[in-house]
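My notes follow in the order I made them.

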Amino acid sequence: MNHKLVLHILGLILRVEAVLMLPAMVIGFATGGGDGKAFLISGLITLAVGQLLSMLPSKGSKMQARDGFAAVALCWIVLSLFGALPYVLSGVLPNYADAVFETVSGFTTTGATVFTFIEGQPLGVLFWRAQTQWMGGMGVLVLALALVPKLGEGSVYLMRAESPGPIKSKLTPRVNDTAKILYSIYIGLTVAEVLCLRLAGMPWFDCVIHAFTTISTGGFSVKNASIAAYGSLTVEWIIIVFMFLSGINFALLFYAIRRNYRAVFESEELRSYTIMTVAAAGLIVLDLVFHASWALDARTVTDSVFQVVTLMTTTGYMTYDYVLWPTFSQVVLILVMFAGGCAGSTAGGIKQIRVVLLFKNLRREVHRILHPRVVTTLKSDGDRVDEPILSGITLFFFAYILLLLLGTLVVAWDDVGFTAAFTASLTCISNVGPAFDTLGPTGNFFALSNVSKIFLSINMLLGRLEIMPLLLLLFPSLWKKR
């Protein structure tokens, strides 16, 4: 590993984080909530460490794939450790394990929280919670690539390691230009949602917070009851639309803006995402009407669609406590938590493209047994999928299930019950947010032990970075000097 180059990138990212603490600091001082000083001190510490690291000589160093993966994994860990400082210094979360859990949940856009009461927190803290999700949604290193003119020829490895999905593609030949396009779409969606929510009657501060946490598919709210607190079908449908858009591959949104509608409509992943959303919502409506005696009206349809979209896109908002729904509906929601959104979006989960290719590969293996002499290749959107990609998807799925079960085992030590332990592990590895049972949408993760919180924090990072970048840190050969 090129240690100096990786440390230089760490320093750059910490300096970006320090600057991004300024809005929360200003809000803290302006509102007199007592958190302004905490953000000032945290920002200065982060800036000082970042400045020291970025001063390390790295000119002429060439980045390789292993450097990119190591830099991404270490950046997310360091960002979380320093991003937790405002929570501790302001006194809102004096336990550092709680602060790290909340910060990791923010940066990974998971939305799981240890706060037992949201509405009483200082506004600067609430803004920082939402901003960490917005920063992490598109990727902190993608943001750095958009802001910094040049991080070297190897910057493609940074984007490749941080961008979700098995198949990577650049929208333009230059990585920096691709990053700028992605963030332009990201900012455009955020501004559009702010304006729509404001027109629906939501206060300005709430509009910004919910736009940040919708477009990033994060789910942190400023209300204890989440979106249900507003009691507005208009607000809920605005958020449904923007959650759904944020779960789509941003490359497809770019093609739609460029009026390349053929590429959009031919996307198998988008078809799978749309069909699964409609089917899951329809099944829950039927279940609520026939098994729970709900009326077939706008409220039933809205609650069903909202909960499917919020969990499939791994946002994690709430309009109704789905733990009270029939078992069939809860199972449907768990299945969409597994699947997640599209690759190249801000959503988590396994990703729709992997689900599609896993089913295609299963069908091919059955066909191979029946016709052993026939050679078949898998295609996605008309393009051939190479065997290493299919092998990588299979290995990812195995690692995902292994980490899910390991997380369940760790949380089960807290004796919270199997449903709570399993879904807590699932919601963290899939970056969803709320779990089921006592850790459902009306609960929180505060009562878990520090060991469980730390392990779930690691699971959240593994889920956001899609396992491999973080897993590579465990191999001694990575750390050898080049």
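I looked up Ser-425 and found 0% relative accessibility, so Ser-425 counts as buried (buried is under 20% relative accessible area, exposed over 50%, partly exposed in between, with a 1.4 Å probe and protein chains only). The model is predicted, so I kept its limits in mind: local features need pLDDT of at least 70, side-chain atom pairs count only at pLDDT 80 or more, and totals for chains, interfaces and linings use all residues. Residues are numbered from 1 along each chain as its sequence is written, and side-chain values use heavy atoms, with hydrogens and water left out.

I placed Ser-425 in helix H20 (helices are DSSP runs of H or I with at least four residues, strands are runs of E with at least two, and both are numbered from the N terminus). A polar atom of the Ser-425 side chain lies 3.5 Å from the backbone nitrogen of Thr-408. Setting aside neighbours within four places in sequence, I listed the contacts of Ser-425 (heavy atoms within 4.5 Å): Leu-403, Leu-404, Gly-407, Thr-408, Leu-456 and Asn-459.

**Positive phi values**

I noted that Asn-431 has a positive phi near 60 degrees and is not a glycine. Asn-431 sits in the loop between helix H20 (418-429) and helix H21 (450-464), and is buried at a relative accessible area of 2%.

Thr-109, also not a glycine, has a positive phi of about 55 degrees. I found Thr-109 in the loop between helix H6 (96-107) and helix H7 (123-138); Thr-109 is buried, with a relative accessible area of 2%.

**Nonpolar cores**

I then turned to the nonpolar cores (sets of buried Ala, Val, Leu, Ile, Met, Phe, Trp, Tyr and Cys residues joined through side-chain atoms within 4.5 Å). The largest has 128 residues, and Ile-239, Phe-250, Leu-333, Phe-338, Tyr-400, Leu-426 and Phe-445 touch the most other members. H4 supplies the largest share of this core, 10 residues. A second, separate core has 7 residues, among them Ile-353 and Val-385.

I checked Tyr-400 on its own: leaving out residues up to four places away in sequence, Tyr-400 touches Phe-338, Ile-350, Leu-426, Ile-429, Ser-430 and Ile-467.

Helix H4 (residues 65-83) has 19 residues and reaches 27 Å from first C-alpha to last, close to the expected 27 Å (the expected span is 1.5 Å times one less than the number of residues). I found 14 of the 19 residues of H4 buried, so H4 is largely enclosed by the rest of the structure.

For the 13 residues of helix H17 (residues 327-339), the end C-alpha atoms are 19 Å apart, which agrees with the 18 Å they should span. The buried residues of H17 include Leu-333 and Phe-338. I saw that the buried residues of H17 pack against helices H15, H16, H18, H19 and H20. Gly-340 follows H17 and has a positive phi near 75 degrees.

**Aromatic rings**

I counted 19 aromatic pairs (rings of Phe, Tyr and Trp, the last by its six-membered ring, with centres within 6.5 Å; planes under 30 degrees apart are stacked, over 60 edge-to-face, the rest tilted). The ring centres of Tyr-183 and Tyr-186 are 5.4 Å apart with planes at 90 degrees, so this pair is edge-to-face. Both residues, Tyr-183 and Tyr-186, are buried. One aromatic cluster is formed by Phe-127, Trp-134, Tyr-183, Tyr-186, Phe-212 and Phe-250.

Conventions:
A polar contact is a pair of N or O atoms within 3.5 Å; within protein, one must be able to donate a hydrogen and the other to accept it, and residues adjacent in sequence count only if both atoms are side-chain atoms.
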